Amino acid sequence: MKVSSTIIWFRQDLRLQDNAALQAALERGGAVVPVYILDEEGEGRWPMGGASRWWLHQSLKALDASLKERGSRLVVAQGKSLEVLRKLVKETGAGAVYWNRRYEPAVIARDKVVKASLAEHGLEVKSFNSALLNEPHTIVNKAGGPFQVFTPYWRHCLSLETAEEVVVKAKTFPAPERWPESVEIEALALLPTIPWDAGFYAAWTPGEAGAKKRLGYFLKKLAADYGEQRDLPGVDGVSRLSPHLHFGEIGPRQIWAAARAQGKESGVFPANAGVQTFLKEVGWREFAHHLLYHFPKTPVQPLREEFAEFPWASDPGGKKLKAWKRGLTGYPIVDAGMRQLWATGWMHNRVRMVVASFLVKHLRLSWTHGAEWFWDTLVDADLASNTLGWQWSAGCGADAAPYFRVFAPVLQGVKFDGGGEYVRQWVPELAKMPDAFLHAPWEAPEEVRLKAGVRLGENYPAPVVDHKTARDAALEAFKALKAER
Ligand code: FAD
């Protein structure tokens, strides 16, 4: 008997290798109908931001091209997932719909409805894990609850067997007799109409091949020094895999497989301390998903409830927030980070921590403003990791930096960008400042500033807040919060 077609519903798993749903569809036999649906309503409060949409456009193009090399193609649609899938089932006579799972609360709720409804109509519906080493519902602490501290979480995960990469061997994918209706990727209008994305093209190669290449390069050339270099934003020392991981162009099982292969060559796994630290960072991504799954309100509410009453500062006209977003705070390391974000859709992790601390503690503006801005401007915007990052920085999340630890932006700049490569690249108006004053140009004697062409308040802002005053105010606010309880 002829096996009916399987719809493989691509979501945040835009790759052909290590794709459990795709492999299962191929094993089922019958034709495979690869589909991507832009379903903004299905994302709940968090439809994709501008930078993510840019990435998605490129990634869908790459996926379609890879599918074409295998005698297949990507069917693209826009609308409510369930309606689109039902229509496609009708058009193709598909008997099964497979996908890889996602863990955002709104998406889980939507997928449950989709699964039940399709199954009710007699379809075989199956979902798989391709995004994580360990799915959140599979990991519990000794008390049977979710972990809230990273170290024991990760120790527990490392004691488990690591899932193997799913190898997709098929060189061609069986195509349906007739392809269903599809729109062009361009019709999704994912690219911006104002060309703020010019810098993105040079910074990234979205798609599965780009991800694989970057992982290979990182493991071979950079990973050994990752432990020392990962905090230096002016150095190419981190993997920059985050957007590839977010869109599922590469998965953690593949990272483990590549690291293991490297270990085999050198006789130890991980091959060196740098690789070990890198794998631990990928563990933070797993932990972020664990937290979001078990604490689904955290994208908008602090995990530590007392922080809901935090006395945020007022910001008439949104002036301070605007200065932060535009990289015009007068603190060079903060401004460099915010400008790197705008220009490339990504910011180095060390600087993410600095700018987040600055927003929450120096400007005393709610972390939710920062999380929303990041959501719109990051190519790796990820509800789990972004929520964890912001709640960590604001001191209100699981395993967070304590609120009273305020990052001093000048010291951070001096410590991690002492040679000034990073600030000079992203804040070119300070390029000629000598190192000694680069991270605090207001402290430079007037003649030094003039010689460097820096006119405070004219071509580079004076600091929007004084560090010590702002720090004291933040600590006072924190004390008041504690006193109220
Ligand atoms: P590497 O240092 O090479 O690390 C490898 C991988 O590990 C990363 O690609 C990422 O998937 C994961 N990882 C590393 N650090 C973390 C972390 N702290 N939390 C979770 N996963 C981690 N990361 C996102 O992917 N999306 C976000 O929206 C996001 N928002 C953040 C917001 C704030 C305020 C902060 C402080 C951090 C945020 N991060 C986010 C985490 C981290 O900054 C990025 O994952 C990292 O900078 C990506 O660069 P990389 O790929 O070179 O990382």
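This is a predicted model: local features need pLDDT of at least 70, side-chain atom pairs count only at pLDDT 80 or more; totals for chains, interfaces and linings use all residues.
Let's start with two helices. Ser81, Leu82 and Leu85 in α3 meet a group in α4, namely Arg110, Val113, Val114, Ser117 and Leu118. What classes do these residues fall into? In the contact of α3 with α4, five residues are nonpolar, two are polar and one is charged.

Now, how do the two helices sit against each other? In general, you describe two packed helices by the angle between their axes and the distance between those axes. Here, helix α3 runs over residues 81-92 and helix α4 over residues 105-120, and they pack at an angle of about 30°, with 10 Å between their axes. Angles under 35 degrees count as roughly parallel, and therefore α3 and α4 are roughly parallel to each other. As for handedness, α3 and α4 make a right-handed crossing.

On to the sheet. What order do the strands come in? Reading across, you get β3-β2-β1-β4-β5, an open sheet of five strands with parallel pairing. At the edges are β3, residues 75-78, and β5, residues 124-128, and each of those pairs on one side only. From one strand to the next, the twist averages 25°.

Strand β4, residues 96-100, pairs with β5 in the parallel sense, over five bridges. If you want to find that pairing on the screen, look for Ala96: its bridge partner in β5 is Glu124.

Okay, zooming out to the whole chain. The domain assignment gives domain 1 as 5-130, domain 2 as 132-165 + 208-294, and domain 3 as 305-482. So much for the bounds; let's look at how domain 2 and domain 3 come together.

Their C-alpha centres, those of domain 2 and domain 3, lie 27 Å apart. The contact takes 17 residues from domain 2 and 20 residues from domain 3. Which helices each supply at least two residues on the domain 2 side? Those are α9, at 242-246, and α11, at 273-294. Of the side of domain 2 that touches domain 3, α11 gives the largest share, with five residues. And by class, that side of domain 2 has nine nonpolar, five polar and three charged residues.

That's my tour, thanks.

Note on methods. Residues are numbered from 1 along each chain as its sequence is written. Axes are lines fitted to C-alpha atoms, for helices over the stretch in contact, and angles run from 0 to 180 degrees between N-to-C directions. Helices (H or I, at least four residues) and strands (E, at least two) are DSSP runs, numbered from the N terminus. Angles under 35 degrees count as roughly parallel, over 145 as roughly antiparallel, 65 to 115 as roughly perpendicular and the rest as oblique. A crossing is left-handed if the near helix is turned anticlockwise from the far one by less than a right angle, and right-handed if clockwise. Two residues are in contact if their C-beta atoms, placed from the backbone, lie within 7 Å. Ala, Val, Leu, Ile, Met, Phe, Trp, Tyr, Cys and Pro count as nonpolar, Asp, Glu, Lys and Arg as charged, and the others, Gly among them, as polar. Two strands pair if DSSP finds at least two bridges between them. Domain bounds come from an automatic or database domain assignment.
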